[in-house]
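Please read the report below alongside the sequence and the three-dimensional model.

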Amino acid sequence: MRKIHGLLILFLFITFFCDAQEMEVKNTKVFLLTGQSNMDGRADANGLSEVDKARLKKAQRNVTLYYNFEEGKPLDITKAPRHTAKKFSTDYIFGPELFFGIEMSEKYPDYDIILIKRSRGGMSLYGAWNPDWSLEKATLINEQNQPKLYSEFVSYSKSVLSKLKKDSYELCGMLWVQGESDSGKKGGLKPREAYEDNLKNLVSAVRRDFKHPKLPYIMFQVGHGKVVEGMKNIANADDNVVLIPQEKNKDSKFYFERNPPPIGHYVTEAMKKIGVYFFKYYENLIRFRKKNLIPWSIVGFDVKERSPKERLEMLERLGYSQYAYGYRPKHIPTMKLEWELAKEKDIEIKAVWLYINLDKDKDKVGALKPEKEVVFKNLKDVGLKTQIWVGFQPTYFDKLTDEESLKQAVAMIEYLSQRAEKIGCKIALYNHGGWFGKPENQLRIIKALPKQNLGVVFNFHHAHDTLENYSQNIVNLLPYLWCVNLNGMKAEGPKILTIGDGDKEKEMINQLINLGYDGPFGILGHVKGGDPEPILNKNFTGLQHLMHK
């Protein structure tokens with residue numbers, strides 16, 4: 001009996017251990033930081049405020065800095081070498097890593113953040129930083145006796161990564177501050193004229209050497225002329241490369257103050273801004289990557305009428321790992337099958353559409369029509385726990401008073417929410433036009449039901465009639481925003497427009513981000529009589545150029 005009991009304990013232990021192994025997730029984010037003196041950092045740490053110091057102390061709990069072959073230490077300011085201390089009249093300095101690390105720590109407090117920095121002042125991409133280093137090139141720019149920085153950086157970074165448990169970390173991006181040396185007179189015209197080709201080669205080499213073909217690459221604009229032109233061209237050509245611009249206008253948010261000549265280099269507040277911008281540009285870059293976007297309106301508006309299998313294969317082919325399911329009555333026979341196939345393919349269904357019509361002989365509290373009832377049945381049968389995006393037939397409320405509209409909407413949403421909760425789902429209010437689609441009325445419904453877990457999915461393409469109040473509406477909706485579906489936007493329409501072809505969507509998106517919206521964005525595959533595949537491609541391309549270029 002004891003032997004059986006012991007075997008049972010052993011079996012349970014092995015099962016638990018295997019499950020734990022399968023559940024293991026990447027809990028460390030790694031960034032590579034490279035460049036010359038402004039990456040190395042010359043900002044005076046004595047200028048940090050008490051608030052800055054308190055934030056840094058908190059960040060030291062989960063941010064580790066590996067700097068120029070040193071062992072990892074909690075993120076901190078750096079003791080200035082003697083010659084640097086004399087030139088800048090300070091004993092302690094910092095670079096972009098400080099406030100980039102602080103921002104990362106605050107955004108991802110449950111992750112370990114590792115920053116690996118290799119930097120050296122006065123070094124060129126043509127010479128020391130060149131992945132294809134040659135004595136001839138190094139000699140031309142008088143760097144023949146300097147370290148081969150690229151190979152050193154790769155070696156140092158890989159030695160740090162080798163100490164981490166395999167599959168426990170994610171290599172998230174590379175930060176680059178370099179270009180002054182190639183812009184100068186040293187070496188003549190060749191370094192600046194070759195900068196674009198050399199930068200393209202550097203990006204490719206890093207991605208190759210770290211086996212990450214789409215590694216995000218965030219650059220800060222330094223230098224001038226052909227060097228800056230090369231940076232802009234590379235950023236415009238590669239969706240995973242972004243450039244933080246720099247402007248001479250002191251009133252611009254992209255103005256970064258330097259010490260007066262001949263000292264140069266960025267002052268404390270400017271370096272703080274550079275670190276923060278690195279964080280913001282990284283966040284925006286990953287925010288709009290395919291793995292974080294939710295394709296929407298790809299079922300009911302598909303002119304090719306794809307089968308569930310074909311639709312999921314399309315998503316895989318395009319690189320999406322999630323979508324929202326919006327059906328029509330003709331899709332009911334294959335609804336359950338599609339959800340089961342999606343689960344097998346590890347494609348997450350982030351939401352399911354539910355269209356309510358309160359007209360006579362239609363949907364009622366306690367008695368939905370069969371084509372609506374089947375949604376709840378299938379959700380339960382498949383075990384799909386997701387959001388249910390609820391829209392109402394918009395013209396129904398036209399014949400009601402405001403008070404009657406609110407009463408009926410509240411009653412139906414409460415009923416739906418209670419049913420959703422029983423199967424592990426939750427209700428999001430969808431602005432589909434009419435009385436129910438107005439943000440102020442959705443807020444009234446939510447506030448009338450404080451015991452229900454309700455949210456809002458806000459659709460740009462259904463917001464033309466409330467554009468003049470957009471700024472205030474999103475402030476009010478922000479605590480309840482679960483998703484925002486994007487669209488190109490012009491005040492005069494049309495209703496559906498490719499992202500990037502409008503003149504308002506960028507400002508609308510930026511307002512959301514600046515308010516602190518941290519939820520997902522949806523991307524439409526929606527044109528009546530259209531094919532979702534090219535439509536998704538156009539919207540994704542438009543979004544990348546709109547937000548990064």
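The paragraphs that follow describe selected features of this model.

The model is predicted, and for that reason local features need pLDDT of at least 70 and side-chain atom pairs count only at pLDDT 80 or more, whereas totals for chains, interfaces and linings use all residues. Residues are numbered from 1 along each chain as its sequence is written, and side-chain values use heavy atoms, with hydrogens and water left out.

**Sheet and covering helices**

Helices (H or I, at least four residues) and strands (E, at least two) are DSSP runs, numbered from the N terminus, and two strands pair if DSSP finds at least two bridges between them. On this basis, seven strands form an open sheet with mixed pairing, in the order β4-β3-β7-β1-β8-β9-β10. Its edges are β4 (73-74) and β10 (241-244), each of which pairs on one side only. Strand β1 (residues 28-35) runs parallel to strand β7 (residues 112-119), to which eight bridges join it, and L32 stands opposite I116 in β7.

Contact means heavy atoms within 4.5 Å; axes are lines fitted to C-alpha atoms, for helices over the stretch in contact, and angles run from 0 to 180 degrees between N-to-C directions. Helix α5 (residues 97-107) lies across β1, β3 (63-67), β7 and β8 (169-177), running at about 165° to β7. Helix α11 (residues 226-237) lies across β9 (217-220) and β10, with an angle of about 140° to β10.

**Aromatic and charged side chains**

Rings of Phe, Tyr and Trp (its six-membered ring) pair if their centres lie within 6.5 Å; planes under 30 degrees apart count as stacked, over 60 as edge-to-face and the rest as tilted.

| Pair | Centre to centre | Angle between planes | Class |
|---|---|---|---|
| Y325 and W339 | 5.6 Å | 85° | edge-to-face |
| F397 and W435 | 5.2 Å | 35° | tilted |

Because Y325 lies in strand β12 (residues 322-325) and W339 in helix α14 (residues 332-344), their pair ties together parts that are 14 residues apart in sequence. F397 lies in the loop between β14 (387-392) and α16 (402-422) and W435 in helix α17 (residues 434-437), so that pair ties together parts that are 38 residues apart in sequence.

With buried taken as under 20% relative accessible area, exposed as over 50% and partly exposed as in between (1.4 Å probe, protein chains only), Y325 is buried at 0% and W339 is buried at 2%. F397 is buried at 3%, and W435 counts as buried at 12%. Elsewhere, F220, F254, F256, Y266, Y277 and Y281 form one aromatic cluster.

A charge sits over a ring if NZ of Lys or CZ of Arg is within 6 Å of the ring centre and within 35 degrees of the ring normal. K29 lies over the face of Y108, at 4.7 Å from the ring centre, and the charged end of R419 sits over the ring of F376, 4.4 Å from its centre.

The buried residues of helix α13 (residues 308-318) are P308, R311, L312, M314, L315 and L318. These residues pack against β11 (293-296), β12, α14 and α21 (532-548). After α13 comes G319, with a positive phi near 95°.

W133, in the loop between β7 and α6 (135-140), is partly exposed, with a relative accessible area of 25%. Leaving aside neighbours within four places in sequence, W133 is in contact with G127, A128, A138 and K148; the C-alpha atoms of W133 and K148, 15 residues apart along the chain, are separated by 7.3 Å.
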